[in-house]
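Take a moment with the sequence and the picture first.

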Amino acid sequence: MNYSLRSLFQSIIVLCSILSATFVRAQSFTKAEIGRWQQQAKQITITRDTWSVPHIYGKTDADVVFGALYTQCEDDFARVEENYIDAIGRMAEVEGESALYHDLRARLFLDSTQAIAIYKKSPAWMKKLLDAFADGTNYYLYTHPDVKPRLLTRFQPWMPLMFSEGSIGGNISGISTDRLKAFYEHNKFTSSINDFDKYEREPVGSNGFAIAPSKSATKNALLLINPHTSFYFRSELQMSSQEGLNAYGAVTWGQFFIYQGFNENCGWMHTSSGADSMDEYLETIEKKGNAFFYRYGNVVKPVRTQKIKLPYKSGNGIQYKEFTLYWTQHGPIVGEKDGKWIAVSMMNTPLEALEQSYLRTKANGYAGYKNVMKLNGNASNNTVFADRDGNIAYWHGNFMPKRNPKFDWSQPVDGSNPETDWKGLHAVDELVQVKNPANGWIQNCNSTPFTVSGSNSPEKNKYPIYMAPDAENYRGINAVRVLSQKSNFTLDTLIAAANDPHLAGFDELIPALITAYQTVSANSANRSQDVAEAIQILKSWNKSYGTTSVGTTLAIFWGEKIQRLARSRVPANQRLDFLSFTAFVIEKTTAQEKINILKETLAELTRDFGTWKTPWGDINRYQRLTGKIQETYDDQQPSIPVGFTPSVWGSLAAYGARTAPNTKKRYGYVGNSFVAVVEFGKKVKARSVVTGGQSSRPNTKHFTDQAPLFCEGKFKDVWFYPEDVQQHVEKTYHPGEK
C-alpha cells in the first residue's frame with residue numbers, strides 16, 4: 001500500500017472512530033430531547049466579555065438557567081460533575097471504598113428516591129428551572145462528545161434538590177465520617193480533637209462589609225463580597241431574563257443561582273456562620289429480639305431501619321457493601337457515645353432551601369429580601385446586605401430552631417426527654433440582626449455578631465446563647481479597626497479596606513517573643529547574632545504582610561511552630577477560640593521554648609531557601625499549571641509572589657498556602673476566590689476579580705489572565721448593563737454553536 005492510500009485509510013479509521021463516539025454518546029439522548037434542546041438554545045444568547053465572563057440572556061428564567069449551566073460546563077465541566085457526584089452520594093463509585101462513609105452520610109439525610117418525589121411535587125415555576133438545569137447540562141454533553149464524564153453521563157432534574165444551598169458543604173459536612181464508620185462497623189470511636197481544632201485552620205469562611213450612604217462619598221450604599229473558599233470553587237457570570245431576573249456574581253459550579261452577588265436593586269454576601277442550627281440527641285436504645293427501640297418520655301418507639309447497598313469502585317469494577325441505617329424522630333443515627341446512639345437534627349427541607357437560594361437573586365430591596373428569608377432555607381450562613389435605597393443590614397443565620405434555653409445546646413442533649421424537642425423555628429425578626437446602624441458600616445468575618453457594627457452591634461444578652469455562639473477572631477478585630485478609621489468610602493477605598501495588611505494575630509504573640517528573648521538572653525546559648533538580628537527585625541516589623549517583608553516570613557513560620565507545640569498541650573475537654581488560644585500559647589510555652597522555636601525557624605528557612613532573611617513573597621506564591629481539581633505545583637515553573645497570609649493571623653484578604661511534596665515554596669489553594677465591590681446608585685457599579693481566570697483549560701487566554709490582578713489585590717470593571725457589555729465583547733453565540 002503506498003503512502004497516500006495508507007494515509008487515506010488511517011484518516012477514514014479516525015473519522016469512523018469520532019463518528020462512532022458521537023453516535024454512542026447521542027444514543028443516551030432521544031431525538032425528541034435533542035430537538036427540544038436545539039430549539040431552546042436558539043432563544044438563549046451568551047455574550048462573553050473580554051475577560052470571558054458569560055452574560056446569559058433569555059426570554060424566560062428557564063432559558064437563562066439552561067444557558068448558565070451550559071457555560072459552566074464549558075468553563076469547567078469537571079467541577080460541575082464533581083459537585084454532583086459529591087452531593088448525591090456517589091463519590092465511592094469514582095474514589096473507591098475510602099469514600100463509602102461520605103456517601104452514606106449523604107444518603108442518611110436525603111437520597112435520590114426522596115429527591116425525585118420532591119421534584120414531582122415542586123411548584124411549576126421551580127420544576128421549569130430544574131428541567132432547564134438538566135437540559136442545559138445534557139445539551140453540553142451532547143454537543144461535546146469528546147468530554148468524558150467520570151460517572152454522570154446524564155444529569156437529572158432532581159439533582160439540585162440534593163445540592164441546594166451553595167455553601168461549602170453545608171451543615172452535613174460537620175458530621176464526622178470517622179464516627180459514622182465506627183458506629184456502622186461496630187467499632188469504638190475515639191477523638192481527642194478539641195474545640196479549637198474544629199475552628200477553621202485555613203481561610204475557609206468569608207468577609208462581608210456594607211457601607212451606608214452616611215459613610216459613602218457618593219451617598220450610595222456599598223457592599224464588599226469576599227468569600228474564602230478553595231480556589232476556583234465558583235464561577236463568575238450574569239443571568240438576565242425578561243421575567244425579572246438580572247443578577248451578577250458567583251455561582252457554585254453546577255448550581256443555577258447567583259450565590260453571592262447583586263442585581264440592580266440590592267446585593268448579598270454570605271459568610272459561614274457559627275449559629276447553632278443543628279443538634280445531637282443521645283438516644284436510649286433497647287433491643288427486643290432483632291428490633292431496636294428508643295425511649296421517649298414514658299414510652300418506647302421503634303427505631304426506623306432501612307437496608308441499602310452502596311456501590312464502590314474496586315479495581316476496574318464495582319462492588320457493593322450493605323448497611324442497615326437507623327433513624328429516630330430526631331433524625332438519622334450518626335454515632336454512639338457512652339452506650340447511647342447519637343441522632344442528628346438539622347435542616348432537611350431542600351425545596352425551600354433551593355427556592356430561597358433562587359428567589360433572593362430577584363429581590364428588589366430590603367423588604368423583598370427579608371420576605372424571601374421567611375422560607376428559612378439557609379442553615380449555614382450569615383448575610384451582609386445593601387440596597388439602592390441606602391439600606392444596609394445583617395442577619396446572623398436564618399434557619400434557627402426554637403429550643404428550651406435551660407439545656408446546653410453546644411453539647412448532645414437527652415433524646416428521651418421531650419423537653420429537648422425543637423419548638424418550631426424562630427421568625428426572621430427574632431434572629432440576631434442589625435439594620436442601618438448609626439455608625440454607618442457592617443462587617444462580618446465568620447465572627448461574633450456582637451461586633452458587626454462596633455458599639456451599634458446587637459446586644460448579646462437579648463438573645464439565646466444558641467443563636468450566636470460564635471467567638472471573635474482576628475479578621476473581625478481587624479475589620480472593626482479598618483472600618484472605624486474611615487468616614488468617606490469609595491469603591492477604591494473599600495477595596496483598600498478589604499486588603500488591609502495588618503495581622504492582628506501577632507499583636508500579642510510578637511511582644512511575647514521579644515519579652516522571652518529579653519528573659520533568656522543572659523544565657524550565652526541564646527545570644528547568637530542570627531537570633532539577635534531576627535528579634536530586631538520582628539521588633540521593628542509593623543505586623544503587616546508584604547511580599548518584600550522578612551518580618552512576615554519570620555512571624556508566620558515561628559507562629560505556626562509555636563502554635564503546634566501549644567496545641568499538643570490543650571486538654572481534650574478545654575474549649576478555645578482563636579483569641580483564647582493565643583493567650584494559651586503565650587502562657588503555656590516557656591521563654592526558652594519560644595526562643596528555641598525561633599532558632600528552629602531560622603535553621604529551616606536557611607536550609608530551604610539559602611538564608612533566613614527570605615522575603616515573604618519569595619516563599620508565598622500563586623501558581624496554576626493544570627486546571628485540574630487537584631492541582632500540582634513546581635518550584636521550577638513560573639509563579640507569582642503573593643503578600644496575603646492565612647486568615648488565622650487576621651489577614652482580611654485570606655490566602656492559605658502549603659508546600660507540595662516536591663516543593664519548598666508554598667502555593668495558594670484556598671482563600672480569596674471571587675471578590676467584588678458594588679455601589680448601588682441610580683445605576684449599579686461594580687468591580688471584581690477571581691483567583692486565576694474564567695477557564696480551567698491551560699494554554700488558553702483566560703486560564704490565568706486575572707492572576708496578576710488577584711495577587712496584587714486589584715480588580716477589573718464589571719460590565720453589568722447590555723450597552724456596556726456590547727463595548728467589551730469577545731464572543732456572542734447560542735448554546736451548541738462553536
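Q: Among contacts between residues at least 6 apart in sequence, what share joins residues at least 24 apart?
A: In this predicted model, the share is 70% of those contacts in the chain. Two residues are in contact here when heavy atoms lie within 4.5 Å.

Q: What makes the radius of gyration of the chain agree with that of a compact globule?
A: A compact globule with 738 residues would have a radius near 27 Å, and the chain has 27 Å, so the two agree. Along the principal axes, the C-alpha atoms fill a box of roughly 85 × 75 × 65 Å.

Q: How many helices and strands does the chain have?
A: There are 21 helices and 29 strands.

Q: Why is α5 called roughly perpendicular to α8?
A: The axes of α5 (residues 100-109) and α8 (residues 177-184) cross at roughly 90° and come within 9 Å. Angles from 65 to 115 degrees count as roughly perpendicular, so that is the name for this pair.

Q: Which residues of α5 and α8 meet?
A: From α5 come Tyr101, His102, Leu104, Arg105 and Leu108, and they meet Thr177, Leu180, Lys181 and Tyr184 of α8. By kind, the residues of this contact are 5 nonpolar, 2 polar and 2 charged.

Q: What percentage of the residues of the chain count as buried?
A: Buried means under 20% relative accessible area, and 58% of the 738 residues count as buried. The chain exposes about 30100 Å², with carbon and sulfur atoms supplying 51% of that area.

Technical notes: Residues are numbered from 1 along each chain as its sequence is written. This is a predicted model: local features need pLDDT of at least 70, side-chain atom pairs count only at pLDDT 80 or more; totals for chains, interfaces and linings use all residues. Side-chain values use heavy atoms; hydrogens and water are left out. Axes are lines fitted to C-alpha atoms, for helices over the stretch in contact, and angles run from 0 to 180 degrees between N-to-C directions. Helices (H or I, at least four residues) and strands (E, at least two) are DSSP runs, numbered from the N terminus. Angles under 35 degrees count as roughly parallel, over 145 as roughly antiparallel, 65 to 115 as roughly perpendicular and the rest as oblique. Ala, Val, Leu, Ile, Met, Phe, Trp, Tyr, Cys and Pro count as nonpolar, Asp, Glu, Lys and Arg as charged, and the others, Gly among them, as polar. The radius of gyration is taken over C-alpha atoms; the globule rule is 2.2 Å times the number of residues to the power 0.38. Buried means under 20% relative accessible area, exposed over 50%, partly exposed in between (1.4 Å probe, protein chains only). Accessible areas come from the Shrake-Rupley method with a 1.4 Å probe; for residues, only the protein chains shown count as cover.
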